[in-house]
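Trainee: I have this one open on my screen and would like to go through it with you. Can we start with the overall picture and then move to the details?

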Amino acid sequence: MNLKEKESRLFFHTYKRLPLEVERGEGCYLYTKDGKKYLDMFSGLAVNALGYAHPAIIKAVDEQVRKYTHLSNFFIQEPQIQLAERLLSLSGFDKIFFSNSGTEAIEGTIKLVRKWGKQNGKKAIFGMSNGFSGRTMGALSLMDKEKYREGYEPFLPDFGSIEFNSIDDLNAKVNELTAAIFLEFIQGEGGIVGVTKEFIEALSALREKYGFLIVADEIQSGIGRTGKLFGFQHFGIVPDIITVAKPIGGGLPVGAIIGSQKVADVWTYGVHGTTFGGNPVACAAGVATLDTVMTESFLKNIVDNADYFRAKVVEMKAKFPIIKEIRVYGYMIGIDLTVESSPIVEAILQKGVLVNSTANTVIRILPPLIAGKTEFDQFLSVFEDVLSSAR
Ligand SMILES: Cc1ncc(COP(=O)(O)O)c(C=O)c1O
């Protein structure tokens, strides 16, 4: 029985797995057991910010594993403190809570927001259409996509969805009873779609009027991916709460809720918690990740390379009308096609490059943040080959 057959026999069939047996990764590349090398341009779905086997991650993990791998949150743990200090000083926010994953950061935030709402006479919570918040019941309650929700009803009461970028829908649904609005400023799973300036201005004015909380879901867009620490920083607004996960553990699982002064005193001892959240090895890897990414030159490279890539794809668009649009927010990139993207993604994989298909027609590219022009050029050359033979 080969691995694929074993997987099918052993697991609930929730994942459509790639047909690769990975032996190891290094830099932006994965090496398979059959001796092939793949350029990974989606980095474990925006997790492996420093690629594979980065010396800073290896050093941080190795040193921490030798000290302790887990203590529980009964203990104050130095790696947690170091990661918290960095995230709070970089963001200018006040308090942090570490979870294990993105959906748990969302779930915890829902609890935080509800408690804050109880204290302030507010209860309605909204997500955005086409958004993605995770797989727990709270996260699903924020979402509108049938694909993820079907069969799991009923969802949490007092939850709703606002049409992304519709100021009319926003005005119609938000009022003095609104406790919070969750949004990805750049929707990832939704196809790399950015919020408009006008929508943010309207949202900001309504927050001023009604005093609800804005939650920025930076789980995919955070930690340098867009060329800034957080995606919302491109839109001239400061949220009240930020959720992060994916890259902040440098490849190990950790998530966080980062709160402003407005919510700093909502939680008291025992009202929320987790056994594994803020695992010290993951936090140590997170510190190494932040220290590598959050330098001016590192972030500038992301912006420069993304501009270079955009220009190249715009050139290709003239030659290949199958390319409808390219949307680029640093290393959060969507190439929207006039056809379904999965066969193209499959053909790109056959030529040794990994990208992801999302929102039916979009090729989603989330390279490791260490990727440079060489890696983008390799993708471009393969992409051009694939499009040429698809004509
Ligand atoms: C924007 C956003 N929010 C939340 C999540 C959920 O994170 P996790 O899969 O770690 O639970 C994801 C995962 O893709 C995401 O992209």
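Mentor: The protein has 13 helices and 17 strands, and please keep in mind throughout that this is a predicted model. Its radius of gyration is 21 Å, close to the 21 Å that the globule rule gives for 391 residues, so the protein is as compact as a globular protein of that length.

Trainee: What box do the C-alpha atoms fill, roughly?

Mentor: Taken along the principal axes, the box is roughly 60 × 55 × 50 Å. Of the 391 residues, 47% are buried, and among contacts with a separation of 6 or more, 73% are between residues 24 or more positions apart.

Trainee: Let's turn to the open sheet of four strands; what is the strand order?

Mentor: The order is β13-β14-β17-β16, and the pairing is antiparallel. The edge strands, each of which pairs on one side only, are β13 (323–329) and β16 (356–358). On average, neighbouring strands of this sheet are turned by 25° against each other, with direction ignored.

Trainee: How many bridges join β13 to β14?

Mentor: Six bridges join β13 to β14, which covers residues 332–337, and the two strands run antiparallel. If you want a pair to look at, I323 stands opposite L337 in β14.

Trainee: Which helix packs on the sheet and touches β13 and β14?

Mentor: That is α11, residues 296–319, whose direction makes about 175° with that of β13. There is also α12, residues 342–350, which lies across β14, β16 and β17 (362–365) and runs at about 175° to β16.

Trainee: Staying with α11, at what angle do α11 and α13 pack?

Mentor: The angle between α11 and α13 (residues 373–390) is about 15°, and their axes are 10 Å apart. The cut-off for calling helices roughly parallel is an angle under 35 degrees, and α11 and α13 are therefore roughly parallel to each other. The crossing in which α11 passes α13 is right-handed. On the α11 side the contact is made by N305, Y308, F309, K312 and M316, and on the α13 side by K373, F376, L380 and E384.

Trainee: And α4 with α10, is that crossing left-handed or right-handed?

Mentor: The crossing of α4 and α10 is left-handed. The axes of α4 (residues 78–91) and α10 (residues 280–293) come within 8 Å and cross at roughly 35°. The residues making this contact are P79, Q80, Q82, L83 and R86 of α4, together with P280, C283, A284, G286, V287 and L290 of α10.

Trainee: I also clicked on G278; where does it lie?

Mentor: G278 lies in the loop between β12 (255–259) and α10. It counts as buried because it has 25 C-beta neighbours inside 10 Å, the cut-off for buried being 20 or more. Leaving aside neighbours within four places in sequence, G278 is in contact with N73, Q80, F98, V254 and C283.

Trainee: New topic: what do β1 and β2 form?

Mentor: They form a hairpin with two residues between them, and G27 in the turn has a positive phi of about 60°. Four bridges join β1 (residues 22–26) to β2 (residues 29–32), the two running antiparallel, and the bridge partner of E26 in β2 is Y29.

Trainee: Which residues other than glycine have a positive phi?

Mentor: Most residues other than glycine have a negative phi, and two places to look at here are S43, at about 40°, and A359, near 50°. S43 is found in α2 (residues 43–46), and with 28 C-beta neighbours inside 10 Å it counts as buried. A359 sits in the loop between β16 and β17, and its 18 C-beta neighbours inside 10 Å make it partly exposed.

Trainee: Last one: which residues does a cis peptide bond join?

Mentor: A cis peptide bond joins E153 and P154, with omega at about 0°. P154 lies in the loop between α7 (146–149) and β6 (159–162).

Note on methods. Residues numbered from 1 in each chain as written. Predicted model: local features only at pLDDT ≥ 70, side-chain atom pairs only at ≥ 80, totals over all residues. Pairing = 2+ DSSP bridges. Axes fitted to C-alpha atoms, helices over the stretch in contact; angles between N-to-C directions. Contact = placed C-beta atoms within 7 Å. Rg over C-alpha atoms; globule rule 2.2 N^0.38 Å. Buried ≥ 20, exposed ≤ 12 C-beta atoms within 10 Å, placed from the backbone. Parallel < 35°, antiparallel > 145°, perpendicular 65-115°, else oblique. Left-handed = near helix turned anticlockwise from the far one by under 90°.
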